[in-house]
Amino acid sequence: GRSLPPLAGLSQVLRLERNRRTGIVFPLQKLERYLAPGTDTARFHLFQPGLGALQRAEALFRSRRGHAIDYVSSAVRMDHVPPPTLPEVCFIGRSNVGKSSLIRALFSLSPEVEVRVSKTPGHTKKMNFFKVGKHFTLVDMPGYGYRAPRDFVEMVEAYLQERRNLKRTFLLADGVLGLQKTDHIAIEMLEEFGIPYVMVLTKIDQASRGLLLRNVLKIQEFIKEKTQGCFPQLFLVSSLEFSGVHLLRCFVAHVTGNLPMAEAH
């Protein structure tokens with residue numbers, strides 16, 4: 001199997017000096033020091049788990065005897081999807097937003113799990129289901145926009161409306177580009193269907209601090225003013241540097257009911 005990348009595990013992150021450690025685990029908080037005095041940062045801290053919760057969440061993403069993490073199946077229609085027996089989360093986003101790379105980073109502690117990552121936008125053509133032990137299922141959805149599958153809308157709309165075990169949808173947006181027109185269309189769809197979702201800003205290692213800060217504030221204001229079903233806190237991630245990946249694992253564990261509520265805040 002593949003060797004584990006640096007900082008994939010919390011034990012590696014904890015060896016770093018404090019500022020770097022905070023930047024990896026809580027990248028949104030790292031930006032706070034550059035905000036103007038008096039800026040409301042309450043939405044930066046809504047989900048702020050302690051070390052114990054982060055460790056328990058990490059254990060869910062580490063396969064072992066009695067806790068297998070497996071690719072289950074792929075589907076293009078709802079009559080081909082696995083039975084809805086476990087809590088489920090799905091990841092959607094524009095083609096080339098880094099969705100499969102993020103899912104690979106989430107599963108990096110279980111290198112035997114094969115998440116295909118392509119340099120070609122629109123590589124994911126089907127709904128890909130990954131089972132995490134007896135705890136939850138994670139779904140990698142096809143990308144929208146450029147090179148989206150021909151039946152994308154029919155496939156995704158049916159899934160979002162019919163999947164009763166879906167606990168949260170993770171909508172990925174590019175940290176360099178910010179929200180694009182196709183992202184707004186996806187948001188309108190989630191709002192129309194009343195689907196609870198959370199926004200994740202990817203590729204933050206590629207954005208300058210000023211650009212990232214502008215995009216974060218703009219998107220957080222958009223969430224506050226224009227959305228009903230979106231979790232108020234934005235999640236920032238870098239699949240390359242593992243910034244925000246540990247926190248996102250913890251949020252997935254939380255929304256699928258695998259963390260006690262008291263530990264999630």
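The tour starts with the sheet, moves on to the helices and ends in a few loops.

A quick word before we set off: this is a predicted model, in which local features need pLDDT of at least 70 and side-chain atom pairs count only at pLDDT 80 or more, while totals for chains, interfaces and linings use all residues. Residues are numbered from 1 along each chain as its sequence is written, and side-chain values use heavy atoms, with hydrogens and water left out.

**Stop 1: the sheet**

Switch to cartoon view and look for the strands. Helices (H or I, at least four residues) and strands (E, at least two) are DSSP runs, numbered from the N terminus. Seven strands form an open sheet in the order β1-β3-β4-β2-β5-β6-β7, and the pairing is mixed. Which strands stand at the edges? They are β1 (69-75) and β7 (235-236), each with a single partner strand, so one side of each has no neighbour in the sheet. Strands count as paired here if DSSP finds at least two bridges between them. Strands of a sheet pair through backbone hydrogen bonds, either parallel or antiparallel.

**Stop 2**

Select residues 127-132, which is β3. Five of the six residues in this strand are buried, where buried means under 20% relative accessible area, exposed over 50% and partly exposed in between (1.4 Å probe, protein chains only). On one side, β3 pairs with β1 in the antiparallel sense over six bridges; pick Tyr71 and you'll find its bridge partner, Phe130, in β3. Strand β4 (residues 136-140) also runs antiparallel to β3, joined by five bridges, and Phe129 stands opposite Val139 in β4. Now zoom in on the hairpin of β3 and β4: three residues lie between the strands, and Gly133 takes a positive phi near 55°.

**Stop 3: β6, covered on both faces**

Next, select residues 197-202 for β6. Six of its six residues are buried. Show the side chains: Tyr197, Met199 and Leu201 point one way, Val198, Val200 and Thr202 point the other way, and all are buried. In a regular strand the side chains alternate between the two faces of the sheet.

**Stop 4: two helix pairs**

Two packed helices are described by the angle between their axes and the distance between the axes. The axes are lines fitted to C-alpha atoms, for helices over the stretch in contact, and angles run from 0 to 180 degrees between N-to-C directions.

Select α6 (residues 152-162) and α7 (residues 181-193): they pack at an angle of about 30°, with axes 10 Å apart. That makes α6 and α7 roughly parallel; angles under 35 degrees count as roughly parallel, over 145 as roughly antiparallel, 65 to 115 as roughly perpendicular and the rest as oblique. Where they meet, Val156, Glu157, Leu160 and Gln161 in α6 face Met189, Leu190 and Phe193 in α7, in contact (heavy atoms within 4.5 Å).

Now try α4 (residues 51-60) with α9 (residues 245-255), whose axes come within 8 Å and cross at roughly 80°. This pair is therefore roughly perpendicular. In α4, Ala53, Leu54, Ala57, Glu58 and Leu60 meet His246, Leu247, Arg249, Cys250 and Ala253 in α9.

Stay on α9 for a moment: 11 of its 11 residues are buried, so this helix is largely enclosed by the rest of the structure. Gly257 follows α9 and has a positive phi, near 80°.

**Stop 5: the loops**

Go to Arg94, in the loop between β2 (88-93) and α5 (99-106). Is this residue buried or exposed? Arg94 is buried, with a relative accessible area of 18%. Beyond its neighbours within four places in sequence, its contacts include Tyr144, Asp174 and Asp183.

Asn96 is in the loop between β2 and α5 too, and is partly exposed at 44% relative accessible area. Its phi is positive, near 75°. Most residues other than glycine have a negative phi.

Finish at Lys203, in the loop between β6 and α8. Its phi is positive as well, near 60°, and Lys203 counts as buried at 19% relative accessibility.
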